[in-house]
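Please look over the sequence and the model before reading on.

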Amino acid sequence: MSREGVTPQSEDFSAWYNELVIKAQLVDRGPVRGTMVIRPYGYRVWELIQADLDGRIKDAGHENACFPMFIPESYLKREAQHVEGFSPELAVVTHAGGKELEEPLVVRPTSETVIGEYMAKWIDSHRDLPLLLNQWANVVRWEMRPRMFLRTTEFLWQEGHTAHADEEDAMRETLWALDAYEKVARDLAAMPVVPGEKTPGERFAGAVRTYTIEGMMRDGRALQAGTSHYLGTNFAKAFEIDYQDADGELVLAHTTSWGMSTRMIGGVIMTHGDDKGLVLPPRLAPYQVVIVPLGRKEQAETTAAKAHEVAAELKAAGVRVHVDDKRPQLSPGFKFNDWEMRGVPIRLELGMRDIDNGVVTLARRLPTEEGQGKEAIPFDEVAARVPGILEDFQAFLLRRAEEFRDSRTAPVDSWEAFTAQVAQGWALALHCGRTACEDEIKAETAATPRCIPAAGEPDSGVCVKCGEPSAYGKRVIFGKSY
């Protein structure tokens with residue numbers, strides 16, 4: 001890793017990412033392999049995601065709760081598919097308090113089992129439904145090939161868990177969560193994700209149906225950015241989550257679960273970043289504007305004072321702003337590069353000549369259709385104009401990401417075209433739906449079915465791999481993934 005920058009994406013995308021998360025001060029490596037320390041700058045990005053999503057969750061009638069991180073091993077074993085699906089990733093506590101435990105405790109990889117236990121206690125009648133719960137928590141999944149934000153042994157997320165009277169109401173909830181995730185990704189992170197259903201071979205362990213939002217990163221790979229699961233009555237049977245209906249009959253509830261995690265931060269990095277570093281969408285930037293006062297000694301005092309005046313006006317206009325006046329030993333050029341590395345959408349430069357001319361010099365993190373390079377803005381126009389420039393930049397990043405995704409996505413009808421397409425992006429292909437066929441595709445190309453896109457056009461024919469009839473009535477998105 002060079003001191004000045006990061007490895008170019010075209011040279012080694014993985015090295016670019018691993019260097020960038022450290023140099024942009026998002027994370028540091030934790031003391032245990034596969035863990036991470038989220039630094040304040042990175043945690044602020046998570047707080048902005050959390051605040052937006054938590055508002056949507058509460059507005060839809062859900063209530064936040066907090067459940068234990070230690071789960072009796074017997075709980076997981078009560079839903080066979082679930083424990084089988086998570087078994088390789090489990091961290092298990094066998095000793096505590098200086099002695100061996102009577103029953104091993106699992107550090108939660110997800111909380112369907114412990115929450116199911118309490119749903120069974122709290123639900124008696126149809127009047128108790130729907131039960132709409134959510135928790136913000138850390139979970140542990142032992143990762144063999146960790147990567148910061150994307151796959152770490154411990155990570156942060158929210159997990160929604162709900163119980164309903166019937167399939168119709170539970171499916172409504174499942175799709176509500178998927179829609180909420182799509183809006184967070186598009187509106188907040190400027191990530192043009194594709195919502196859709198997972199194939200049977202890609203479903204969450206114990207689910208009847210799994211839905212996902214898939215984003216394309218700048219190396220053409222897919223990132224699963226949020227999932228929502230209709231669990232049917234599988235967990236209700238295992239945990240006896242039943243209720244007395246209006247006729248007095250005892251009926252099993254239908255449950256759902258859904259989650260979005262700190263891997264969203266990884267998605268933002270890889271959707272927008274470039275060879276200079278991070279590119280943060282304004283709505284997720286800890287600092288939307290950084291002001292760099294220029295000059296030395298008395299001049300520095302004058303420009304810093306004016307910078308704080310401008311900052312106060314921007315704060316009053318609702319802009320998150322920071323004045324970089326506490327590092328006098330660093331050159332202006334170093335500061336400019338540093339804030340580019342950290343992805344700040346707008347930099348304002350303020351020197352004595354600017355003050356004499358009654359302007360600040362504005363530089364965007366990327367040139368856009370609305371503005372190329374630097375421009376001078378009069379002091380009395382800054383607070384009025386900057387919010388609009390930030391919104392234009394947000395919209396530009398979404399368009400840019402959409403154009404990139406579309407340029408790397410193509411329908412294919414032959415195996416030769418399929419292998420060529422998934423080497424650089426997403427293939428839209430007809431598929432038989434068999435898990436064995438998916439496994440063969442993955443073994444030969446490393447590509448997996450990302451989703452059956454909700455908005456996919458009707459199509460039929462034969463599987464691109466095995467030639468058997470297609471199963472879904474539309475094309476499936478295949479791609480390599482994180």
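Which residue's side chain is joined to that of Thr-256 by a polar contact of 3.3 Å? The partner is Trp-258. A polar contact is a pair of N or O atoms within 3.5 Å; within protein, one must be able to donate a hydrogen and the other to accept it, and residues adjacent in sequence count only if both atoms are side-chain atoms.

The model is predicted: local features need pLDDT of at least 70, side-chain atom pairs count only at pLDDT 80 or more, and totals for chains, interfaces and linings use all residues. Residues are numbered from 1 along each chain as its sequence is written, and side-chain values use heavy atoms, with hydrogens and water left out.

Thr-256 belongs to strand 14 (residues 254–261); helices (H or I, at least four residues) and strands (E, at least two) are DSSP runs, numbered from the N terminus. Its relative accessibility is 1%, so Thr-256 counts as buried (buried is under 20% relative accessible area, exposed over 50%, partly exposed in between, with a 1.4 Å probe and protein chains only).

| Residue | Partner | Polar contact |
|---|---|---|
| Thr-256 | Thr-162 | 2.4 Å |
| Thr-256 | Trp-258 | 3.3 Å |

Beyond four places in sequence, the residues that Thr-256 touches include Gly-160, His-161, His-164, Glu-173 and His-229; contact means heavy atoms within 4.5 Å.

Two strands pair if DSSP finds at least two bridges between them. Strand 21 (residues 426–429) and strand 23 (residues 476–479) run antiparallel and are joined by 3 bridges, with Leu-428 opposite Ile-477.

Axes are lines fitted to C-alpha atoms, for helices over the stretch in contact, and angles run from 0 to 180 degrees between N-to-C directions.

Another open sheet has 3 strands in the order 4-6-5, paired antiparallel. Strand 4 (70–72) and strand 5 (91–96) are its edge strands, each pairing on one side only. The twist from one strand to the next averages 45°. Strand 4 is linked to strand 6 (residues 99–107) by 3 bridges, and Pro-72 has Leu-105 as its bridge partner in strand 6.

**Nonpolar cores**

A nonpolar core is a set of buried Ala, Val, Leu, Ile, Met, Phe, Trp, Tyr and Cys residues joined through side-chain atoms within 4.5 Å. The largest one holds 57 residues, and Ile-49, Phe-149, Met-191 and Ile-269 have the most contacts inside it. Helix 6 (residues 167–188) contributes the most to this core, with 8 residues. Apart from this core lies another of 26 residues, including Phe-67, Ile-115, Ala-163 and Tyr-243.

**Gly-266**

Gly-266 sits in helix 8 (residues 263–272) and counts as buried because its relative accessibility is 0%. Outside four places in sequence, Gly-266 is in contact with Tyr-17, Phe-149 and Leu-150. Its C-alpha atom is 19 Å from that of Arg-365, 99 residues away along the chain.
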